[in-house]
Amino acid sequence: ASYCMAATSHFRTPFNGYSVKFSPFFADRIAVSASQNFGIVGNGHQYVLRRELNALNNATTGGVGVGGGHPGTLPLAEEARFETADGIFDCAWSEESENVLVSASGDGSAKLWDVSRPPFQNPLRSFNEHEAEIYTISWNPTRKDVFLTASWDDTIKLWNPRENVHTQGSLKTFREHTYCVYAAEWSPHHADVFASVSGDCTLKIWDCRKNHSTLSIPAHDFEVLCVDWNKYNDCVVATGSVDRAVKLWDIRNPKKELSILRGHGYAVRRVKMDPFDEDLCYTASYDMTVAMWNWKINNPSSNNNNNTLEGERGVQPSPLLRQWRHHTEFAVGLDVSVLNRGELASCGWDSSVQVFSNVGPDPLPIL
């Protein structure tokens, strides 16, 4: 179902939001990771929320913003909540089991949860090897049986939750970054390939069958916080940095970036490429905004001829297509649905979770 739903949804977490992820199985299911006291000290909550799609039937406008009408608002209801002693910074849904997800904890552990089981039977497993916080987790969308953890101990670890039932150990540790690894993300095209970014200012491309990275790019002059792969071109990667910019890279020609996207006022905390459109990407920033970009617009070598008339008139089209300002604190969590075209979710330190459409009305701040 790749329809675009114009209805917005929101939820408030008692703690500060860090990460939001759409389920790859259910269009109405969303995971949210949150930490107490902005993740500095305190507990964590891993939520699973469900959009109450039946509420559309009760909405006066039917939930679609046509003819200038306001869209319906769909409630986000808590389906499950798992509590941890330390903050939770990220989560990832299993790609092979619809009720299973894994979360990244401030104590360096990755915890595996099953939504279909009661809280006292959770977590199913805890993977304890990292010596510092795990900042991001990525479940392999191609192989479906393994996930990566990226940690502030400067390493990335590869895990198979089935294989390691008795040993509890990771399959492999990747040590090459010289500072905190802020993100590691699987390629959606190649089962063994992933990208990582770090406080050492580099973007690295890895093949998990090898011990060392296959490519290392000095991507930004400041710390690199996030990375994502294009879903249509298996050589294009996006990075976001403390330098406030997003850069698009072709890993076959890494000497110069394909495109630089500028418009955020502070560090770019998340970058996500659109699963339905090769040219679109989205960002969340410490400037409290979420943005939508066409990364090919300011790329002189692009064959994309959109907006050429404007260009011929001397008006430079902007790659920044839209910017949302519904968060009142740092916007740090962002995801794009692979099931509903144009549907986004964001969360932030203002404790709000918002689901909205890239063509619908702006979601309102939760006061």
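View 1. Strands are DSSP runs of E with at least two residues, numbered from the N terminus. Within this pair, V224 stands opposite S241 in β19. The model is a predicted one, in which local features need pLDDT of at least 70 and side-chain atom pairs count only at pLDDT 80 or more, while totals for chains, interfaces and linings use all residues. Residues are numbered from 1 along each chain as its sequence is written, and side-chain values use heavy atoms, with hydrogens and water left out. The open sheet that holds the pair has four strands in the order β18-β19-β20-β21, with antiparallel pairing. Because β18 and β21 (259–262) stand at the edges, each with a single partner strand, one side of each is left without a neighbour in the sheet. Neighbouring strands of this sheet are turned by 20° against each other on average, direction ignored; the axes are lines fitted to C-alpha atoms, and angles run from 0 to 180 degrees between N-to-C directions.

View 2. Strand β8 (residues 109–114) pairs with β9 in the antiparallel sense over four bridges, and the bridge partner of S109 in β9 is N128. In the loop between β8 and β9 lies P123, which is joined to N122 by a cis peptide bond with omega of about 0°.

**View 3. The hairpin of β2 and β3.** Strands β2 and β3 form a hairpin with six residues between them. The pairing of β2 with strand β3 (residues 29–35) is antiparallel and runs over six bridges, with I30 in β3 as the bridge partner of F22. Seven of the seven residues of strand β2 (residues 16–22) are buried, so β2 is largely enclosed by the rest of the structure; buried means under 20% relative accessible area, exposed over 50%, and partly exposed in between, for a 1.4 Å probe and protein chains only.

View 4. The largest pocket has a volume of about 760 Å³, a volume being the space filled by probe spheres set on grid points that are joined across faces, edges and corners. A pocket is, on a 1 Å grid over the protein atoms alone, an open set of points where a 1.4 Å probe fits, with protein on both sides within 12 Å along at least five of seven lines, and lining residues have an atom within 4 Å of a point. Of the 35 residues that line the largest pocket, E95, E185, K231, K272 and D335 are the closest to its centre. Two or more lining residues come from each of β2, β6, β10 (134–139), β14 (181–186), β18 (224–229), β22 (268–273) and β26 (331–336). By class, the lining has 21 nonpolar, four polar and ten charged residues; Ala, Val, Leu, Ile, Met, Phe, Trp, Tyr, Cys and Pro count as nonpolar, Asp, Glu, Lys and Arg as charged, and the others, Gly among them, as polar.

**View 5. Aromatic pairs, with F127 and W159 as one of them.** The structure holds 20 aromatic pairs, counted where ring centres of Phe, Tyr and Trp (its six-membered ring) lie within 6.5 Å, with planes under 30 degrees apart taken as stacked, over 60 as edge-to-face and the rest as tilted. The rings of F127 and W159 have centres 5.2 Å apart and planes at 55°, so this pair is tilted. As F127 lies in strand β9 and W159 in strand β12 (residues 155–159), the pair ties together parts that are 32 residues apart in sequence. Both F127 and W159 are buried. Ring pairs also link Y18, F89, Y135, W152, Y182, Y286, F330 and W349 into a cluster.

**View 6. Two loop residues with positive phi.** M288, in the loop between β23 (280–285) and β24 (290–294), has a phi near 80°, a positive value in a residue other than glycine. At 31% relative accessibility, M288 counts as partly exposed. S351, in the loop between β27 (343–348) and β28 (352–357), has a positive phi near 70° and is likewise a residue other than glycine. With a relative accessible area of 9%, S351 is buried.

Definitions and conventions
Pairing = 2+ DSSP bridges.
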